[in-house]
Amino acid sequence: MVVPRGQEHQPPQEVETREDEEQNIKLTEILELLVAAGYFRARIKGLSPFDKVVGGMTWCITTCSFDIDVDLLFQENSTIGQKIALTEKIVSVLPKMKCPHRLEPHQIQGLDFIHIFPVVQWLVKRAIETREEMGDYIRSYSISQFQKTHRLPEDDEFLQRKEKAIKTVTDIFEVYKPQRKYKRQKGAEELLDEESKVHATLLEYGRRYGFSRQPGKTEQAEDKKIVLPPGLAAAGKAEPCDEDDLQAAEELRIKTLMTGMAAMATEEGKLTASTVGQIVGLRSDEIKQIVSEYAEKQSELSAEERPERLGAAQQHRRKVASLNKQILQKNKLLEELQAKCTDLQTKCTEAKKTLTEVKSYSEKLDKELAALETVESQADSSILQSLRALVAMNENLKSQEQEFKAHCREEMERLQQNIENLKAEAVENAEEQEPNKIIEQQYKTEKDKLQKIRLLLARRNREIAILQRRIDEVPSRAELTQYQKRFIELYSQVSATHKETKQFFTLYNTLDDKKVYLEKEVNLLNSIHDNFHQAMASSGSREQFLRQMEQIVEGIKQNRMKMEKKKQENKMRRDQLNDEYLELLEKQRLYFKTVKEFKEECRKNEMLLSKLKASSS
């Protein structure tokens, strides 16, 4: 239990509150909600429930980042007026936040936790949602602000690697950039259509674009029509119908385009079939036939190998998919069997447990029977005979008891029947019973009188006791002095205990502050020690480290000045309270002096009254 500072000399402020078990449960739930949301001041035991709850509500409203015109400034240990103003502000803010629950200021002031709990629950939910919405934005903003002025070692390493990577990429682009292998001659025939220009440009850079035969697509190949340029119209007046004619026409077009080109000086690549034909001579029919057969065989081989590879890959994928399905099915079956196995194991363990219990109970019975048999074998036969006789006697007595009870019930019924018969006879002999009635009536009247007299006597005794109690309640002068002495002793004892408790609280607060400052000092020294070698690595980090050290020293000086100022204020307050204490002591001495004089005058008055009574008598 810690007393907050600044509250030791304040007068107690009493507020009408509800205290029952349900209120305490709701208070506990409210504090758990606030702590779970991040308001850890609710854990401080020295704060009052009002400060914890209202502080948590103010924190939730501030966390929600709601645009309001009310200044929710929360201060601990506020006065009654400040508390009322703060509760009214909170109540006025809740409708603006569209809170679905109604709350009045007197409910917060009176700590009605049953009505406060739904409002706090809604505020905590709203605060958590707002914090989740703003968390990513604040994190990205903080990272951007950090990256403006600071750089991590990973960033420096990335910049170094970035320069090397850019240089490497540019070198690779230079090495693998397209190289021109052929160049059109100046006196070559000019190309008119766009398709021929494209083919010629691709051929200059070693690219070849034209007709290729693919098996399985003969219908598409037959539908294609080759558009020849105007320069080749004489060679292809009739449209070819089969694939060989199309391929021959394509080769002829390529060769025609290559006739107008010359190899570059820097060309060191391989010679294609068309280039060889150009070198040897375009009119050589034998070379033309060999080149066409070579190109046809190469296209057929490439077309035959591709579907086989595709079929094998598809077959492999299908097998892998089927095997995966079988694995999933087996895994499901394994899980079901494992679940059944666990159930059977639990049942087996339960059955084993019951079996062990039954076995232990049967063993216990067997042991008891064996013990009885051993005792019976060891006991004297005469004692056993006497015991058997006593058991038989006990059974006999029980049967006799039952018979006696039945006989008593029959006797009771017979006597009740006799009473009824006597009553009937008394009714018949009514004339003979009149004197007995007169006597019974007189007896009743006298008995009623006696009862009334007893009631009057009891009432009179009660009044006398009440008067006697009132007389005893009035204290005498000696009792009053005794009460005064006891109250003074109790007050001195309470004040001594209170003073000692205040000293303990002051000592605790002082030691706690000392511990906090020592922890700060240790953390500061640890951070300086951890960052010293890293800071001394370069001149820039060294200067930054020195600037941070100067800022830390300046902050320590400012804290020291604040503590000195606080010390002077506390000293002035102590002197002021000491002066007030001396004034109160002076008033106390004056009070005791006045009481003493009053007692002396009372004694003189009693003496004069006794003399006056003596003279008058």
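## Basis of the model

Helices are DSSP runs of H or I with at least four residues, just as strands are runs of E with at least two, and both are numbered from the N terminus. The structure is a predicted model, in which local features need pLDDT of at least 70 and side-chain atom pairs count only at pLDDT 80 or more, while totals for chains, interfaces and linings use all residues. Residues are numbered from 1 along each chain as its sequence is written, and side-chain values use heavy atoms, with hydrogens and water left out.

## Helix 12

Met393 lies in helix 12, which covers residues 381–428. Together with Ile383, Leu387, Leu390 and Leu397, Met393 forms a nonpolar surface patch with about 490 Å² of accessible area (Shrake-Rupley method, 1.4 Å probe, with only the protein chains shown counting as cover for residues). Met393 counts as partly exposed because its relative accessibility is 49%, between the limits of under 20% for buried and over 50% for exposed (1.4 Å probe, protein chains only).

Helix 12 also holds Glu411 and Arg414, three residues apart, or about one turn of the helix. These two residues form a salt bridge with their closest N and O atoms 2.0 Å apart, where the term requires a side-chain nitrogen of Lys or Arg within 4 Å of a carboxyl oxygen of Asp or Glu.

The structure holds nine salt bridges. In helix 14 (residues 477–535), Arg486 and Glu489 are separated by about one helical turn because they are three residues apart, and the closest N and O atoms of their salt bridge are 3.6 Å apart.

Glu586 and Arg589, three residues apart in helix 15 (residues 539–616), form a salt bridge with a closest N and O separation of 2.7 Å.

Conventions. Patches are made of residues with over 30% relative accessible area and no salt bridge: like charges are joined within 9 Å, nonpolar side chains (Val, Leu, Ile, Met, Phe, Trp, Tyr) within 5 Å.
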